[in-house]
Structures are given as structure tokens and as C-alpha cells.
Amino acid sequence: MPDGPLSLPTHLYLLAWDTSKSEAAGTGQVPQLVRAGALAELARRGLLLDVDGIATPVDMDAETGDPVLDGLLELVRESRPHRWRGWVTPHTRITLDAVREQLTAGGQLSARKRRALGLFPTVEYDLARPVVVEALQEEARQVLRGPAPGAHVSDRDAALVALAAAAGLRTLLPRGEHPEARVEELIEDSGPVAPVLRELVHGVRGAAASVAARA
């Protein structure tokens, strides 16, 4: 699964997209999943450190040049300290909107403006290249099933698929399937960020359970 230009949050957003319905599947937990991906990405890049379980900026002035990640970094800096899973749910709209804008600017999404109920301006999004997203989803399913003998899963892909599986994305998993053992293997394969990823996985699972309880 190539890294390409996609960060973890943008990649996770595309994995959640149901190409048969032209919408993101499981939309209730997608904002939290995308936020967890952004946190994991910042941890992988060394811009957020784990200090006694707290997500801690390493530099109050550092920037990535990625508006999704920089927006979250600014939010973390300006807020009181939180544990990793405590950042999975608050103000997720900020990160989700930034992901959609980034994917639209990159040509992966197209945006349509309309008025909800004829009154309220809103934006709807469409996939520009569904076949590309379907290929990404199939690659993620292969990682989730387990690599072929001798194959290696990169630490990035391990983090990506562990988070997607924790959210129970229907685009990757049959309904009711919870591959907890495989998710734990992927966490162990994620390298130095494994302790952070484990906290984020718990946070995503909690968010998904809350969405399911309200359904």
C-alpha cells in the first residue's frame, strides 16, 4: 500500500467511503476516526509526543505544511492537556472539514453547494475517482486479513488498518465482525507509536460504540 501524498486522516476518510452509495459509510464515527488518524500521523512524525499518557507538542512553533495536521497541532497547543483518547472526540468538525477541503483541492473529491431545506447553505461531496478508492479499500482488506508468508506490513499501514478496523468500517469488515486479535497484531507492528496507537484504538472503539448505542 503506497504512502503516496495521502496522510493517515485523508486515507482513512477515503477508506470509509461507500462507493456503491456515493457517501462515507458509518458517518457517525468517521469524524472521530479521521481525528484519530491525524493524531497518529502527528505522533509518527514526532510532532506530538507521549508524556505520561498526555499528547504533548514537541515544539510550540513547528508546522508540517499540511493544513489538516497544522490545524490540529494549533488546537492541541491552545487547549488544556488531554490524554490521547481524550482528543479523539472534541471539535472533530475542524479536522473533518480540513480533510474534505484538502481532498477537494487535490482532486480526490468534488464539491457541490446546495441549500438544505431550501434555506441553509451546505456542501456535498462526490468521489472523483471511485476506482482508486476501491483499490485502497482492497489493499486495506488484504492487510486486515494478514499478509502472505514472508510479506511485511509497514508501520504506517499497520496504524492505518488498525484504526479503520477499530471503527468497524463496513467498507472493510462484514457487519458484526470484530478482529480484535488482528488489530492487536497491527498495533504491535506499528513501531514506536504502538503505545499511542493503542490509546487511539480504544478511543475510536469507544466512539463507535457510542454511535451504535444512539442508532
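Where is Glu63 found, relative to β4 (54-57) and α3 (67-78)? I looked this up first, and Glu63 is found in the loop between these two elements, where helices (H or I, at least four residues) and strands (E, at least two) are DSSP runs numbered from the N terminus.

I note that this is a predicted model, in which local features need pLDDT of at least 70 and side-chain atom pairs count only at pLDDT 80 or more, while totals for chains, interfaces and linings use all residues. Residues are numbered from 1 along each chain as its sequence is written, and side-chain values use heavy atoms, with hydrogens and water left out.

I checked the cover of Glu63 and read a relative accessible area of 66%, so Glu63 is exposed; buried means under 20% relative accessible area, exposed over 50%, and partly exposed in between (1.4 Å probe, protein chains only). Glu63 belongs to a negative surface patch that it forms with Asp59, Asp61, Glu74 and Glu78. For patches I took residues with over 30% relative accessible area and no salt bridge, like charges being joined within 9 Å and nonpolar side chains (Val, Leu, Ile, Met, Phe, Trp, Tyr) within 5 Å. A salt bridge here is a side-chain nitrogen of Lys or Arg within 4 Å of a carboxyl oxygen of Asp or Glu.

Val58 has its place in the loop between β4 and α3 as well, and at 45% relative accessibility Val58 counts as partly exposed. I found Val58 in a nonpolar surface patch with Leu49 and Val51, the three having about 220 Å² of accessible area together, by the Shrake-Rupley method with a 1.4 Å probe and only the protein chains shown as cover.

From Gly28 to Glu180, 152 residues apart along the chain, I read a C-alpha separation of 21 Å.

The 15 residues of α2 reach 21 Å from first C-alpha to last, close to the 21 Å expected at 1.5 Å a residue, the expected span being 1.5 Å times one less than the number of residues. I noted that α2 is mostly covered, with 14 of its 15 residues buried, and that just after α2 Gly46 takes a positive phi of about 75 degrees.

Which phi does Asp52 have? I read a positive value of about 55 degrees, although Asp52 is not a glycine. Asp52 sits in the loop between β3 (48-51) and β4, and its 71% relative accessibility is why Asp52 counts as exposed.

His91, not a glycine either, has a positive phi of about 55 degrees. I placed His91 in the loop between α3 and α4, and with a relative accessible area of 52% His91 is exposed.

**Entry: helix α4**

Which residues of α4 are buried? My list holds Thr92, Thr95, Leu96, Ala98, Val99, Arg100 and Leu103. An α-helix has 3.6 residues a turn, so residues three or four places apart point the same way. Helix α4 (residues 92-105) has 14 residues and reaches 20 Å between its first and last C-alpha, close to the 20 Å expected at 1.5 Å a residue. Just after α4, I found Gly107 with a positive phi of about 90 degrees.

Note on methods
Lys and Arg count as positive and Asp and Glu as negative; His and the chain ends are not counted. The place of a charge is taken as NZ of Lys, CZ of Arg, CG of Asp or CD of Glu.
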